[in-house]
Amino acid sequence: MIKHTIHSKNMRPLAIDQKPLAAERRVLLEHEHIPDMNKIDVYASKGGYEALKKVLKTPMTPDQVIDEVKASNLRGRGGAGFPTGNKWSFVPKTKDKPHYLLCNADESEPGTFKDRVILEKLPHMMIEGMIIGSYAIGAAKSYVYIRGEYQYAAEVIHNAIQEAYRAGFLGKNILGSGFDHDMTVHRGAGAYICGEETGLISSLEGKKGWPKLKPPFPAVEGYLRCPTVVNNVETLAAVPWIINNGGAAYTKLGTAKSTGTKLWSVSGDVNRPGVYEVENGISFRVFLEDILGGMKGGKKLKAMIPGGSSAPIMTAEEAMKCTLDYESIASFGSMLGSGGMIVLDETRDLVQVLKNLSEFYHDESCGQCTPCREGTGWIEKILHSYTEGEAHREDLKLLDRVSNNMMGRTICVLADSIAMPVQSYMKKFPEEFERYLKKAG
């Protein structure tokens, strides 16, 4: 378990609890507790860069690497859950334009902080995965686009990249294979929208961090209008294990459709908040009781948000019935997303929670699309009227209409990211809104 600690000035390292719990299944985090695992010699002593050597010295062809990742059914860990191997295979085989791989480390959704563990403690695992992925898609250049507030993590990644150059894992003719590859860290400037892959690409190109219309998709026309793959930190960090152990071995973890393990960042009203790695398919009940230590203060569970603040909320009854995998969570009308779980006890005012989220999404809207630019503001105003005791019954209909008019009508899904929670809170916890209307008379 990784205990999450926030330092407002410099986002210093996460505090570490070195003892894994019995219900955890550590694959990515197997060695995170070892001192100096962010150093290349320590990482190498635990099998680091063996996967890269296997790829380049065996050698494996790029198509063989892609096929192995396909066989693992590794799904993107940034939120969308799209099969990673399939995404890599969409990159054209032609070489008339350069190819790029971008690591999305712009982790800034409320409730999500799991990538920090890899960035700060296991940077070489991510870097190794990036080099392998770049080889697979024929990319001679890659970028780590990292959240601006992650100053410490950016320094760790920069130092790790320099170590990889010195060791011959980056640069010209890597391991005598003839494969050349360069890697650069690019720090964002604090815009949540740049976590969306095309907004990230726009920012990296030196433009406003505005999302782009799709198609064309980045795999065909992305960074600098060239074929580009964008993968999440956790996704890329899983690649070395898959290459070392085989895609088939990865499918033995988790469920048939949600293979492998997942990092969960847990905040809220539990006794042991933090970052945990478990097999996909573990029941939420076991996760809550055996790993999170139950509800804080012995209070009752009221609700759970499974995939970061943009995921529709789940009732306590739904949460206790679900397992932590893509399919089960979707069956209850929510989504696994980034794995940024927020647990709420019986004392939480969900209208206040929703208002807080609406302030975030209104502030972070890039303003490009009218339904998002105007809709997020309207949602914030309506919810503010509730918390200030000024709401009217008609406001419920207005809130429903505004959120419905935002869904699926914008270039990216930021509008949906607040509209979906609004719809789910109203549907599953109508009494929370009714209480405010009664107070207002």
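Is Met 426 buried or exposed? Met 426 counts as buried, because its relative accessibility is 16%, where buried means under 20% relative accessible area, exposed over 50% and partly exposed in between, with a 1.4 Å probe and protein chains only.

Before I go on, a word on the basis: this is a predicted model, in which local features need pLDDT of at least 70 and side-chain atom pairs count only at pLDDT 80 or more, while totals for chains, interfaces and linings use all residues. Residues are numbered from 1 along each chain as its sequence is written, and side-chain values use heavy atoms, with hydrogens and water left out.

Met 426 sits in helix α17, residues 414-428; helices here are DSSP runs of H or I with at least four residues, strands are runs of E with at least two, and both are numbered from the N terminus. Not counting residues up to four places away in sequence, Met 426 touches Leu 396, Leu 399, Asp 400 and Phe 433, contact meaning heavy atoms within 4.5 Å.

Arg 225, by comparison, lies in the loop between α8 (197-204) and β6 (228-232), and with 56% relative accessibility this residue counts as exposed. Its contacts, leaving aside neighbours within four places in sequence, are Lys 97 and Glu 205; the C-alpha atoms of Arg 225 and Glu 205, which are 20 residues apart along the chain, are separated by 9.9 Å.

Finally, the strands: β4 (residues 139-146) and β5 (residues 182-187) pair in the parallel sense over 6 bridges, pairing requiring at least two bridges found by DSSP. Within this arrangement, Ile 146 has Arg 187 in β5 as its bridge partner.
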